[in-house]
Amino acid sequence: MKGKKQDEKNEKKTCGCGGCHHDDKNETCSCGENGCGCEHNDVSEDALGYLEMAQRIQADFENYKKRNADVALKSYNMGVYDFVEKLLPVFDSFKQARQTISDEKALSGLNLIHGQLIKALDTFGIKKIECVGQEFDPSLHNAVLTDNNPEFGNDIITEELQEGFKSETKVIRHSVVKINKI
């Protein structure tokens, strides 16, 4: 029994704020709902200030990461767009070659290579603008000729004169087309 009372007497009393310990069990703690009157109260205010500062720094860093991710994505896309623009004359040459080559095997090989190039561009998010048989859309197509074909409706594209390409966010080159006008 004597050991237990001795342990209770040596036990430190903790106040409600959780930041101080009182050596004397009989000492009444001045901590309460109105705040702590103990010396460590100033430390918790400092800690709160440091916490707020750390939260601001963390928010600033998250904003910095987002801005850098946006800049990196825009830079990547601009590089892809510049490359595709330099590759566009090759696609024009394919179209011209298709019109002049009469050998079926050579034409088949040319179409196979053209298809592979289209698939390669697709891996970079660049898609060919499909247009023949579609309704004219000035945001995707550039009409340079008109046709008066009763088989097609009004403003329907009858022929593609030059291939167009786009990404999800940008038209790299508009399709040059012939449209039907009734």
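Author: What follows starts with the sheet and then moves to the salt bridges and a surface patch. Keep in mind that this is a predicted model.

Start with the strand order. The sheet is open and has three strands, in the order E4-E8-E5. Its pairing is mixed. Strand E4 (141-147) and strand E5 (157-162) stand at the edges. Each of these two has a single partner strand, so one side of each is left without a neighbour in the sheet. From one strand to the next, the twist averages 30°. In general, strands of a sheet pair through backbone hydrogen bonds, and they do so either parallel or antiparallel.

Now take the pairing of E5 and E8. These strands run antiparallel, and four bridges join them. Within the sheet, Ile157 stands opposite Ile179 in E8.

Lys178 belongs to strand E8 (residues 175-180). Is Lys178 buried or exposed? Its relative accessibility is 18%, so Lys178 counts as buried; the cut-off for buried is under 20%. What does Lys178 touch, leaving aside neighbours within four places in sequence? Its contacts are Leu145, Thr146, Asp147, Ile156, Ile157, Thr158 and Glu159.

Ala143 lies in strand E4. Its relative accessible area is 32%, which makes Ala143 partly exposed. Not counting residues up to four places away in sequence, Ala143 touches Phe136, Val177 and Ile179. Ala143 and Leu161 are 18 residues apart in sequence. In space, C-alpha to C-alpha, Ala143 and Leu161 are 9.4 Å apart.

Now the charged pairs. Side chains of opposite charge can pair when their charged atoms come close. How many salt bridges does a search of the whole structure find? It finds six.

Arg173 forms a salt bridge with Asp92, and the closest N and O atoms are 2.9 Å apart. Arg173 is buried, at a relative accessible area of 14%. Asp92 is partly exposed, at 21%.

Helix H2 (residues 41-100) also holds a pair within itself. Glu62 forms a salt bridge with Lys65, with 3.6 Å between the closest N and O atoms. Glu62 counts as partly exposed at 33% relative accessibility. Lys65 is partly exposed too, with a relative accessible area of 40%.

Another bridge joins Lys127 and Asp122, whose closest N and O atoms are 2.4 Å apart. Lys127 counts as partly exposed at 45% relative accessibility. Asp122 counts as partly exposed at 38%.

Last, the nonpolar patch. Which residues make it? Tyr50, Met53 and Ile57 form this surface patch of about 330 Å². Met53 has its place in helix H2. Its relative accessible area is 38%, so Met53 is partly exposed.

Methods
Residues are numbered from 1 along each chain as its sequence is written. This is a predicted model: local features need pLDDT of at least 70, side-chain atom pairs count only at pLDDT 80 or more; totals for chains, interfaces and linings use all residues. Side-chain values use heavy atoms; hydrogens and water are left out. A salt bridge is a side-chain nitrogen of Lys or Arg within 4 Å of a carboxyl oxygen of Asp or Glu. Buried means under 20% relative accessible area, exposed over 50%, partly exposed in between (1.4 Å probe, protein chains only). Contact means heavy atoms within 4.5 Å. Patches are made of residues with over 30% relative accessible area and no salt bridge: like charges are joined within 9 Å, nonpolar side chains (Val, Leu, Ile, Met, Phe, Trp, Tyr) within 5 Å. Accessible areas come from the Shrake-Rupley method with a 1.4 Å probe; for residues, only the protein chains shown count as cover. Two strands pair if DSSP finds at least two bridges between them. Axes are lines fitted to C-alpha atoms, for helices over the stretch in contact, and angles run from 0 to 180 degrees between N-to-C directions.
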